[in-house]
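Keep the viewer open and follow along.

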Amino acid sequence: MTTNEQPLIISQRAGRLLTITLNDPRRRNALGTALFDQLERALDLATAPEVSDPPSVIVLGATGSAFCAGFDLEACVQDAALLPTFVDRLGRLTARIRALPAVVVARVQGAALAGGCALVMSCDIVHASADATFGYPVHRIGVSPAVNVPVLLATAGLGAARRIALSGEIITARQAESLGMVQSVHADERTLHAAVAALAESLCAKGPHALRTTKAWLNQVDGTDAAGFLGAAATRAVQATIDVCRTAESRSMLESFWQQRRSRA
Amino acid sequence: MRDPLRFAASARPKRSTTLERTMTERASLTIADGCATILLRRAEARNALDCDTIAALRRCIDAAAAECNSKRSAIRSIVLAGEGKCFCAGMDLKGVLHDAVRMGDMLRGLSSALLALRQLPVPTIARVQGAAIGGGCGLAVVCDFAITHPEAKLGYPEVDLGVCPAVVAPWLVRRIGAGPARAMLLAGGTMGGEEAAARGLVTRCVPAADLDAEVATLAARLATGGANALACTKRMLNELDGSLDEKIAAEAAELSARVIAGPEAQASLTRLYAPKPQGGPAAHPPR
């Protein structure tokens with residue numbers, strides 16, 4: 001990664017709204033070291049204690065045909081140590097997004113799979129275009145979606161979480177809506193953008209203290225705070241996922257998955 | 001012709017017990033044909049919940065519970081309704097806006113009334129006409145069933161007013177799930193009856209003219225089930241979904257009171273309650 005390249009994360013601040021855009025469309029915004037670094041830095045900059053006017057609303061969007069296709073598997077195949085590291089970073093990142101004082105709106109087009117789905121589930125409100133897809137198809141690479149189960153349980157309910165996490169199935173935006181994982185489905189990307197812009201504007205007009213307090217209270221009520229699912233349970237979930245990633249089964253499944261994909265390409 | 005959206009006193013069952021006479025203030029309890037009706041009676045303020053109304057509602061809930069638990073009880077369902085054009089326009093904070101102690105009392109009173117309403121041993125049905133806003137929507141959502149009509153306005157515009165819907169939040173989470181509840185409470189605003197039904201806020205949305213018939217049909221159907229079986233089912237659901245959590249209900253009231261006492265909410269509520277040409281303790285969001 002050189003400084004001449006396009007940034008992988010674009011941060012735009014407009015009043016009380018911060019828009020964070022995943023911007024690696026060529027790799028379908030796959031979560032790799034550089035993308036994690038830049039995404040974490042964007043959040044650091046927005047939420048540092050010395051920031052006098054932190055955003056009260058954050059829109060998390062993406063450029064290109066997919067929101068986020070999951071981890072950068074090519075990097076994981078090349079370096080066996082990366083997969084557990086990515087799992088750990090994803091666990092921290094999703095817990096952090098849920099704990100942010102700002103209300104976070106996900107704007108999803110195309111695939112939001114595995115780690116991408118995890119990012120979306122940690123947001124407070126999810127809008128998607130009709131072509132969006134969701135799910136955790138990670139069993140085929142010998143990986144468990146356990147890292148995101150705590151948030152998924154709280155968001156979609158026990159029955160839906162079990163179905164999605166165990167089946168590995170990829171569901172449509174409409175199906176995700178019916179399971180409570182998505183709040184609003186729009187015909188295409190243009191209407192998606194317009195709806196999210198209107199929602200963000202209306203959220204920015206509300207009392208920031210009331211919004212912040214309400215989000216923190218909801219985290220407590222549905223168990224997505226440090227005292228609930230995102231405390232010890234999340235730590236256990238991350239560790240369990242990392243343990244699975246380190247098994248020979250996972251290594252060999254990941255490598256053969258990647259070889260098959262390359263031979264198809 | 002009678003306005004179908006107006007729940008008139010004359011629409012109440014004729015055969016009532018002595019209980020009604022003791023509670024003709026801001027809420028009443030009548031029992032007829034195996035169905036009890038708890039009626040909010042502050043139509044002049046769209047049944048907005050002030051201290052007296054909450055206290056009267058609580059007395060009716062307790063009286064209904066005592067009646068249900070008596071050996072000779074024939075009560076098979078309880079309808080919660082509001083007199084006049086609206087089911088309940090929400091909390092009426094006007095009188096307690098600058099009185100932190102009474103404000104706290106009021107929110108504790110509401111939170112504990114919701115808990116008591118949930119624990120009534122027979123199924124409850126909210127008959128929602130006109131509006132169910134904020135705490136009023138909370139009442140409807142705590143009931144086991146809620147029926148409304150397309151023209152009704154429902155929802156939680158608390159955050160639009162700088163207020164935190166802490167007291168109603170756990171009940172909404174139990175009703176529609178955590179993900180959808182999060183989106184609804186953070187986005188604020190209100191919705192029509194059909195959207196409320198689609199999003200699971202109410203069980204059914206029927207034409208206004210059919211509201212009473214729908215409530216009666218549901219009550220009649222509930223009366224055909226085994227009384228013990230229904231009571232046991234409801235008790236089990238309450239245990240499993242956290243409905244008996246007194247700690248979270250108490251904490252919610254304190255949190256909500258703290259937010260209302262803060263400068264953001266005080267400023268917007270003072271604007272809301274400022275004298276208007278037509279007056280009235282409106283609790284609608286400013287949009």
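B:Arg58 lies in helix 2 of chain B, where helices (H or I, at least four residues) and strands (E, at least two) are DSSP runs, numbered from the N terminus. At 26% relative accessibility, B:Arg58 counts as partly exposed; buried means under 20% relative accessible area, exposed over 50%, and partly exposed in between (1.4 Å probe, protein chains only). Leaving out residues up to four places away in sequence, B:Arg58 touches B:Ser112, B:Ala113 and B:Ala116, a contact being heavy atoms within 4.5 Å. B:Ala116 is 58 residues from B:Arg58 in sequence, yet the two C-alpha atoms are 7.8 Å apart in space.

A word on what you are looking at: this is a predicted model, in which local features need pLDDT of at least 70 and side-chain atom pairs count only at pLDDT 80 or more, while totals for chains, interfaces and linings use all residues. Residues are numbered from 1 along each chain as its sequence is written, chains are lettered from A and ligands numbered from 1 in the order in which they are written, and side-chain values use heavy atoms, with hydrogens and water left out. The pLDDT is the predictor's confidence in each residue, from 0 to 100. Chain B has a mean pLDDT of 90, and 89% of its residues reach 70 or more. Over residues 12-23 of chain B, however, the pLDDT is below 50, although this stretch has 26 contacts in the model beyond near neighbours in sequence. Where pLDDT is low, the predicted coordinates should not be read in detail.

Now look inside chain B. Helix 4 (residues 135-142) is largely enclosed by the rest of the structure, because eight of its eight residues are buried. Among them are B:Cys137, B:Leu139 and B:Val141. B:Leu139 also belongs to the largest nonpolar core, which has 101 residues and in which B:Leu139, B:Leu201 and B:Leu269 touch the most other members. Such a core is a set of buried Ala, Val, Leu, Ile, Met, Phe, Trp, Tyr and Cys residues joined through side-chain atoms within 4.5 Å. Beyond its neighbours within four places in sequence, B:Leu201 is in contact with residues including B:Cys137, B:Val141, B:Leu154 and B:Met191. A second, separate core of 72 residues includes A:Phe71, A:Ile97, A:Leu100 and A:Leu254.

What about the cysteines? The structure holds zero disulfides over all chains, a disulfide being a pair of cysteine sulfur atoms within 2.5 Å. For B:Cys137, the nearest cysteine sulfur is that of B:Cys88, 9.7 Å away. B:Cys137 is buried, at 1% relative accessibility.

Two backbone details in chain B deserve a glance. Most residues other than glycine have a negative phi, and most peptide bonds are trans. B:Asp33 has a positive phi of about 50° although it is not a glycine, and its place is in the loop between strand 1 (27-32) and strand 2 (35-40). At 69% relative accessibility, B:Asp33 counts as exposed. B:Arg46 also has a positive phi, near 50°, and lies in the loop between strand 2 and helix 2 (51-69).

Next, turn to where the chains meet: 26 residues of chain B are in contact with 27 residues of chain A. Together they bury about 2100 Å², 69% of it on carbon and sulfur atoms; this buried area is the accessible area (1.4 Å probe) that two parts lose on being put together, summed over both. On the chain B side, B:Arg182, B:Leu186 and B:Glu264 lose the most area to chain A, together 35% of what that side buries.

The interface also holds three salt bridges, each a side-chain nitrogen of Lys or Arg within 4 Å of a carboxyl oxygen of Asp or Glu. In one, B:Arg182 meets A:Asp124 at 2.7 Å, N to O. Within chain A, A:Asp124 forms a salt bridge with A:Lys215, their closest N and O atoms being 2.8 Å apart. A:Asp124 lies in the loop between helix 4 (115-121) and strand 6 (125-129) of chain A and A:Lys215 in helix 9 (residues 208-221), so the pair ties together parts that are 91 residues apart in sequence. Both A:Asp124 and A:Lys215 are buried. A network of salt bridges links A:Arg98, A:Asp124, A:Lys215, A:Asp222 and B:Arg182.
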